[in-house]
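Subject: Structure for your review

Dear colleague,

Please find below the structure that I am handing over to you.

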Amino acid sequence: MAGTVLFFLFAGFAIACAVSMVYHRNPLYSAISLIGVFIALAAIYLTLAAPFIAITQILVYAGAIMVLVVFVIMLLNLDEDKPLNRLKYLYAVGGGLGLALLAQTFFIFYAVLKAPKAEVDPNMTAGKTMSIGRAMYTEYLLPVEIVGVMLLMAIIGAVILVRKMEHPHLELVGEGEDEKE
Amino acid sequence: MQPGLESYLALSGILFTIGAVGVVYKRNAIGIFMCIELMLNAVNLTFVAFSRYYGDVTGQLFVFMVMSVAAAEAAVGLGIIIAFFRNRLSVDVDDASILKY
Amino acid sequence: METAFKTAFPFIVFSVAILLAFQGVLMIVAYTVLAERKVLGWIQGRIGPNRVGPWGVLQPFADLLKFILKEDLVPDKSTKFVYFLAPMVALTAALLPIVVYPFGPPIKDPISWLVPYLPVIPLGSEANIVVWIAEQAKNLPLTIARIDIGVLFVLAVTSVGVYGIALAGWSSNNKYSLMGGLRSSAQMISYELAMGASVLGVVMLAGTLDLNGIINAQANSPWYMRWFIIPQFIGFIVFLISAFAETNRVPFDLPEAETELVAGFHTEYSALKFALFFMAEYVNMFTVSVMCVVLFLGGWYVPGLSHIFEVGSVPYALVSHAAFLLKIFFFLFLYIWIRGTLPRFRFDQLMSFGWKFLLPVAIGNVIVTTIVVFLMNR
C-alpha cells in the first residue's frame, strides 16, 4: 500500500517535472525541472530496492552532470529560447512521434498487464552494494574497463574542445597589472 | 505492496515520450542535451524495474554503464556547446548551419 | 487500540528520534556561531559578544529573533520562484545527512532497568505495555537510518547543496551574486573529486560503505591502525582541505569573499532567507566534521573503554557519544581557528591547487592504498 502511494506520488512528480522541462523556454528553468525528475527517479529506485543505484543517480546526475549544465547556462548567460521555430513542420513531426511513442507505451502497459506476473522476491540481494561490486569486477570486468577508457577519452576530448589560446586569460591579466605597478 | 512491473514500464514510456518530443521541439542545444538525458533516465528506470522483478543484478550494472556514458556525454557535449558559443555567440542549433569552424 | 498502538509505535519512535537528532544538531550549530564569534574575538584581542545573558550565552536566540523581525527584501528584478527555492535547497541538502550519522554504539537493553520505576500501563492483551516497549527497544541503534551506503549518501546529498548557492547567485539578478554562484559551482565540482578520492582509501581499508561499519572496522583493526588517520594520513589531509572548500570556509570562501564580491551569492538575501543560508553553512561544517571523525578518527569508538564498561551498556554508549561529540567540537574549533589565522586564496590559485595538487595526491594515495591492501590480503 505504502509502496503504491509512494510510487504514484513520485511518478506524478517526475512526469510533471518532465513536462515543465520541455515547456519552459528558459534553459535554467528546464535544468531545475530536470533535477526534479532525477530526484523523483532516485526515490523510485529506492522503492525498487536499489539503494546503490538511487544514490549514484543523485551523485552523478544531480550532483555532477546537472551542476555542469547549470554552470554552463550561467557562464554563457543564455537568454530565453526564441518562440517560433523556423522549421514549422517539426511541430507535426514531434506530435506524430509523441503520439506513436505514447501508443507504444500503452501497448506495452497492456501486454505486461496481461502477461503472467513476475514474482517479487522480498529477500532479493541484487540491489546490495556487495552484489553489485562482485558482479562488476568479475562477470562484467571487460565492460567496466571499457567504460574507464571511454571516460578518459571524454576527459581528453573535453579539454581539447574547450581549450582556446587566442584570447588572454586570467593569468595574463594578472601579470599585466603587476607590470603597471 | 508494490505496483506491478507494468506501472514502471508505463512511467518509463511516458518519460521517454516527453524526452523524444522535447528533442524535436527544442532549438536550444542545452535543452536538447537535457531531453536526451531524460530519455536515458527513462531507459534506466526500465532496467532497474526489470532487475527488481527478475532478481538479477545485470540490469543495475547496465544502469551504471549508462550513467558513465551520460557523464562522458555531458563533458564532451558541453565542451562542444561552449566551443560553438564562442564562434557564433549562440547555442541555437539552427545557427549551426555551416560545416566550418 | 492495541494493534493501532503497535502499528504506530515505529513511526512514533522515528519521529522522536528525528526530532531529537535535528534539534540537537541545530542547537550545537547555533552555539557554534556564538563560539566562532567568541574565539575570533579572543584571537583578535577582543572579548566577543557578552551582552545577552551571562557571557553572551543567549546570543544565538537574540540573533534568531533579529532574523525573524527584520524586513524581508526581495529584489524587484529577481527571478522570484528560484529566489525563494534556493535557500530551501541549501538548508534541506545540509540537514538531510543527519539521518545517517552514527551518534553512538548500539545499546543492548536501554530501558529494561527503568521498568520497575515506571507505572504499570495495561493495554489490550499486554499486561504492561512498558515491558513491551522495553522489549522492542532492545539493540537500539543510535542511528536513525541504517543504510549500507552511508558514505555515498552523505557525499551525494551534500553535493546537491551547491544548487542552493548557484541558483541564489543566478536568481538575485546581481553581478556579484552571479560571480559568487559561478565560483561556488566551479569550486565544489573541483573539490568534490579530491574529497571522493580521499574517502576511497578508508573505504578500501574498512571494506564497507556503512558509517557504523567503518567505525567497527577501525575498532577491530590491529593497534597500529586503530584510527584510520594513521594509515590514511594523506587521505585525511586531503579530506580536511577539500572539506574546507566544500563548506565555503576560509581560506576557500571565494563564493562570499566580502573584499571582492560584497557578500557573494547572498548579497541580495535578507532576514530569514539569509538565516537559512547561514544555518546551512554551519550545518555543513558539522557534517564534514562528523565525516572526518567517523572516517579517520574512529567515530564514537574510544580505545580501552570496553575494559571499564560492558559493551552495549548504557554508560558505555553515553561515554562513547560524549567522545564522538568532543572530537566533532575539536574540528569545529579547528574551522574557527583557521578562519582567524589564514588569508584567502585567489580564485586561480584555488583552482590550480585543487586540480594540479590535491587531486593527483588523492589519486596517488588511492593507488598506494590499493597495492598495500592487496599485499596485506594475500
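The notes below set out what was found, beginning with the chains and ending with single residues.

Please bear in mind throughout that this is a predicted model.

Chain A

Chain A is built from seven helices and has zero strands. Its order along the sequence is accordingly written α-α-α-α-α-α-α. The chain has 181 residues, of which 30% are buried.

How the chains meet

Two pairs of chains are in contact, and of these it is chains A and B that share the most contacts. Chain B and chain C, by contrast, are joined by no contact, and their closest C-alpha atoms lie 13 Å apart.

Between chains A and B, 75 residues of chain A are in contact with 63 residues of chain B. On the chain B side, at least two residues each come from α1 (5-25), α2 (29-54) and α3 (58-88). The most is given by α3(B), with 21 residues. Sorted by class, the side of chain B that touches chain A holds 42 nonpolar, 14 polar and seven charged residues.

Between chains A and C, 20 residues of chain A are in contact with 23 residues of chain C. The elements of chain A that give two or more residues to this side are α2 (27-47), α3 (51-76) and α7 (170-180). Here α3(A) gives the most, with 13 residues. The side of chain A that touches chain C consists of 16 nonpolar, two polar and two charged residues.

Domains of chain C

Chain C is divided into two parts: domain 1 covers 70-106 + 141-376, and domain 2 covers 108-139. Taken over C-alpha atoms, the centres of domain 1 and domain 2 of chain C are 39 Å apart.

Two helix pairs in chain C

In the pair formed by α1 (residues 2-43) and α13 (residues 314-341) of chain C, the helices pack at an angle of about 40°, and their axes are 9 Å apart. Because of that angle, α1(C) counts as oblique to α13(C). The crossing of α1(C) past α13(C) is right-handed. From α1(C), the contact draws on Thr32(C), Ala35(C), Glu36(C), Val39(C), Leu40(C) and Ile43(C), while α13(C) supplies Leu332(C), Ile336(C), Arg339(C) and Gly340(C). By class, this contact of α1(C) with α13(C) comprises six nonpolar, two polar and two charged residues.

The other pair consists of α6 (residues 162-171) and α7 (residues 175-206) of chain C, which pack at an angle of about 155° with their axes 7 Å apart. The angle is the reason why α6(C) is described as roughly antiparallel to α7(C). In this case α6(C) passes α7(C) in a left-handed crossing. The α6(C) residues involved are Val162(C), Ile165(C), Ala166(C), Ala168(C), Gly169(C) and Trp170(C); they meet Ser177(C), Leu178(C), Gly180(C), Gly181(C), Leu182(C), Ser184(C), Ser185(C) and Met188(C) of α7(C). The contact of α6(C) with α7(C) has eight nonpolar and six polar residues, and no charged residues.

Two residues with positive phi

Asn173(C) is located in the loop between α6 and α7 of chain C. Although Asn173(C) is not a glycine, its phi is positive, at about 60°. Is Asn173(C) buried, exposed or partly exposed? Asn173(C) has 15 other C-beta atoms within 10 Å, and is therefore partly exposed.

Ala271(C) belongs to helix α11 (residues 271-296) of chain C. Ala271(C) also is not a glycine, and has a positive phi of about 55°. With 16 other C-beta atoms within 10 Å, Ala271(C) is partly exposed.

Yours sincerely,

A colleague

Notes:
Residues are numbered from 1 along each chain as its sequence is written. Chains are lettered from A and ligands numbered from 1 in the order in which they are written. This is a predicted model: local features need pLDDT of at least 70, side-chain atom pairs count only at pLDDT 80 or more; totals for chains, interfaces and linings use all residues. Helices (H or I, at least four residues) and strands (E, at least two) are DSSP runs, numbered from the N terminus. A residue is buried if 20 or more other C-beta atoms lie within 10 Å of its own, exposed if 12 or fewer, and partly exposed in between; C-beta atoms are placed from the backbone. Two residues are in contact if their C-beta atoms, placed from the backbone, lie within 7 Å. Ala, Val, Leu, Ile, Met, Phe, Trp, Tyr, Cys and Pro count as nonpolar, Asp, Glu, Lys and Arg as charged, and the others, Gly among them, as polar. Domain bounds come from an automatic or database domain assignment. Axes are lines fitted to C-alpha atoms, for helices over the stretch in contact, and angles run from 0 to 180 degrees between N-to-C directions. Angles under 35 degrees count as roughly parallel, over 145 as roughly antiparallel, 65 to 115 as roughly perpendicular and the rest as oblique. A crossing is left-handed if the near helix is turned anticlockwise from the far one by less than a right angle, and right-handed if clockwise.
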